[in-house]
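Please look over the structure shown below with its sequence at hand.

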Amino acid sequence: MSTITAVRGALPGNVHAQADITEVLADVVLRDDAKAEKRALLRRVHASAGVSTRHLALPLEEYLTLSGFGAANDAFIDVGTTLGERCIGDALAACGLAPSDVDLLVSTSVTGIAAPSIDARLVARLGLRDDVKRVPVFGLGCVAGAAGIARLHDYLVGHPDGVAVLLSVELCSLTFQRDDDSTANLVATGLFGDGAAAVVMVGARHPLAGSGPRVVDTRSRMYPDTERVMGWDIGGSGFRIVLAATVADVVEKYLRDDVDAFLGRHGLAVADVATWVAHPGGPKVIEAIVRALEVDPGALDVTRRSLAAIGNLSSSSVLHVLQGTLAEGGLAPGTTGVLLAMGPGFCAELVLLEG
């Protein structure tokens, strides 16, 4: 088994109430001649997103003039590198490790492109070794927080003395499309926020092994005929969201069977799980998880609170939920937890945790 020794999130300093964001983004995503009913629809969609506040990469008023994929991507690299440096530094300090202790750095994002990648830009800034192994990952979207923990676990099984770090940077607001009144874009502008998170994990023979939750097992799952459920259409204006209304239906159709099979490999059932760490896809997705698993709605309270406080941060969200869960005393010693997320593919990733 591998051990999660620290989880730390980082958020931009530009924090705004949902209602204020709604009014500014109405002038960004809707044309000047948009009918009053379209603006009313945007307000209703934003009001029903389950989000109270969000942190944004840029000051709110700058979204009125932010134009073109190039300018948005430059902001992604600038802000993303700063947030990445902060949360990795905080996570390493929290468990008493130095940057030079890190053997593997996996980074993930689906909201910007950088070459050299953000992880490469952080090697010198953080003081990582020049022989650190780096794996930048693009395209997993919301599932990447859970998948990243799973892939760190895979590495540490083969390197039991090692230290591995996962970095997630997601600046979703930089992908919002101008003059696009599609339902998918209206939903995205009301749901997604900006942030980053880092996880530090160690192998079974490391001195810090057992100092935090242990990863027991992982499971990946791809669902048939769901390629257009979630993702991006990438063009001259950047990342145009693909977001079908059937996301919650897919979750409700498949998730329970996957969880039952996963837990069954260890002689466990849903009733044996004390802690659920779920990605906050949105209110309908959260309710679909509750229905599919037949758990008490309160089992996902940390997920709901995260959605309300910072919005959906794509791959970073489940890591913020994990940090919040641990801060509130979740995953007590000897208990079982499941961390789960879903994303483009359409796919799911499950991680079995032991307190």
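## Helix α6

Which residues are buried in α6? They are Ala184, Asn185, Leu186, Ala188, Thr189, Gly190 and Leu191, where buried means under 20% relative accessible area, exposed over 50% and partly exposed in between, with a 1.4 Å probe and protein chains only. This is a predicted model, in which local features need pLDDT of at least 70 and side-chain atom pairs count only at pLDDT 80 or more, while totals for chains, interfaces and linings use all residues. Residues are numbered from 1 along each chain as its sequence is written, and side-chain values use heavy atoms, with hydrogens and water left out.

Helix α6 spans residues 183-191 and is mostly covered, with seven of its nine residues buried. Helices (H or I, at least four residues) and strands (E, at least two) are DSSP runs numbered from the N terminus. The buried residues of α6 pack against α1 (18-29), α2 (36-47), β3 (53-56), β10 (238-243) and α9 (301-310), contact being heavy atoms within 4.5 Å.

## The open sheet

Nine strands form an open sheet of mixed pairing, in the order β5-β4-β6-β7-β1-β8-β13-β12-β11; two strands pair if DSSP finds at least two bridges between them. At the edges are β5 and β11 (275-278), each of which pairs on one side only. From one strand to the next the twist averages 25 degrees, with axes fitted as lines to C-alpha atoms, for helices over the stretch in contact, and angles running from 0 to 180 degrees between N-to-C directions.

Helix α4 (residues 118-126) packs on the sheet, where it touches β4 (104-109), β5 and β6 (163-171), and its direction makes about 145 degrees with that of β5.

## Strand β13 and its partners

Because seven of the eight residues of β13 (residues 347-354) are buried, this strand is largely enclosed by the rest of the structure. Eight bridges join β13 to the antiparallel strand β8 (residues 214-222), and Thr218 has Val351 in β13 as its bridge partner.

Strand β12 (residues 336-343) also pairs with β13 in the antiparallel sense, over eight bridges, and here Ala341 stands opposite Glu349. Three residues separate β12 and β13 in a hairpin, and Gly345 in the turn has a positive phi of about 150 degrees.

## Exposure of Phe138 and burial in α10

Phe138 lies in strand β5 (residues 133-138) and counts as partly exposed because its relative accessibility is 44%. In helix α10 (residues 317-327), the buried residues include Val318, Leu319 and Leu322, and the helix is followed by Gly329, whose phi is positive, near 85 degrees.
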